Amino acid sequence: MKDMDLKSNDLYERELENLKNQDILWEKLAGRTVMISGATGMIGKCLIDLIMLRNQDSEAPIKVIALSRSIEKAEERFGAYKNRGDLRYISCDVNKEIPECGEVDYIIHAASNTHPLQYALDAIGTIASNVIGTKNLLDYAVWHGVQHFCFLSSVEIYGENRGDTDKFDEKYLGYIDCNTLRAGYPESKRLGETLCNAYHQTHGLTFSIPRLSRVYGPTMLSGDTKAISQFIKKAAAGEDIILKSEGHQKFSYTFVTDAVSGILYTMRFGQPGEAYNIADEESDITLKDLASCLASLADVQVIFQLPDEKERKGYSTATKAMLDAGKLNAVGWKSRVHMTEGLAYTVRNIEK
């Protein structure tokens, strides 16, 4: 994925400008230090782009400590900010003890394997980042008197819809077969949430939990194997879109800038210690319709093809996983980029 040039990407720039000018968390973050794990990922990259944009016009810039394993990837993703003093990159595997990075006021834990092939090929690493990595960052937060810890969770924690609801609200408890390889991701996300609660009880640490729907946008990684990412890459390349099921699964989606907005709203306006769903409810769609929409944009065909064994191990068995975002809407959050606009933009603005 090439580094984003904000001047050449209208929708992404528009949405970052809108967020920069909103009264979200900026007063609390002004002059403070924010540590972001998973900084080179889809969410982390967008968060950093937003903060860097906000800092350009600020007398009290937010200092960012960006944690990620790959120096090369960080240099590629953050090349535009290389000579700025408000972003410090530290090579770090959160599954190991966090190196001393200095004082930190806020931590946003966005490091996690987030796509099916990783679940299948790196099941241990997937679990570790959501459990051991979370514990290591929570320990750092306690040792350094962090004001707020934000743990990015997922629609996956709800498991399979038991047929008793149309959409998952924050109290829903679905079914997960824990004795499977695929269960590593949702079960470890659940445990990560529980760890946050344990650190609050034991150490008084304030925390929040945004539960994200499936996220897409121009900051997506080139190696992402989620269905929507594969569809977008095929459309961008002008190739037929491969659908590896009948496509009846129906999911919620969110454009990346709306996801970041939801995270900040959860931290600023949400009740500490509670979870909040983040989903654009105008972007609930079946995989078949999603593939058809992208095929129409790119003037290509949808091809049905069975997944191979490795891919199948990482696939979700959920057939209906839509989020009720009413709780976050009630504190003022609204999505702005809906699927037709978001998909068309993303197809135009990823590396071909």
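Visitor: How many bridges join strand E1 to E4?
Guide: 4 bridges join E1 (residues 33–37) to E4, and the two run parallel. Strands here are DSSP runs of E, at least two residues, numbered from the N terminus; helices are runs of H or I, at least four. Two strands pair if DSSP finds at least two bridges between them.

Visitor: Which residue stands opposite Ile108 there?
Guide: Ile36.

Visitor: Is this an experimental model or a prediction?
Guide: This is a predicted model; local features need pLDDT of at least 70, side-chain atom pairs count only at pLDDT 80 or more, and totals for chains, interfaces and linings use all residues. Numbering starts from 1 along each chain as its sequence is written, and side-chain values use heavy atoms, without hydrogens and water.

Visitor: What about E5, how many bridges join E4 to that strand?
Guide: E4 and E5 (residues 148–151) are joined by 4 bridges and run parallel. Ile107 stands opposite Phe149 in E5.

Visitor: Which way do the E4 residues point?
Guide: Tyr106 and Ile108 point one way, Ile107 and His109 the other. Buried or exposed? All are buried, meaning under 20% relative accessible area with a 1.4 Å probe, protein chains only; exposed is over 50%, partly exposed in between.

Visitor: Zooming out, how many helices and strands does the protein have?
Guide: 13 helices and 14 strands.

Visitor: And how much of the protein is buried?
Guide: 57% of the 352 residues.

Visitor: What are its spans along the principal axes?
Guide: The C-alpha trace spans about 50 × 45 × 40 Å.
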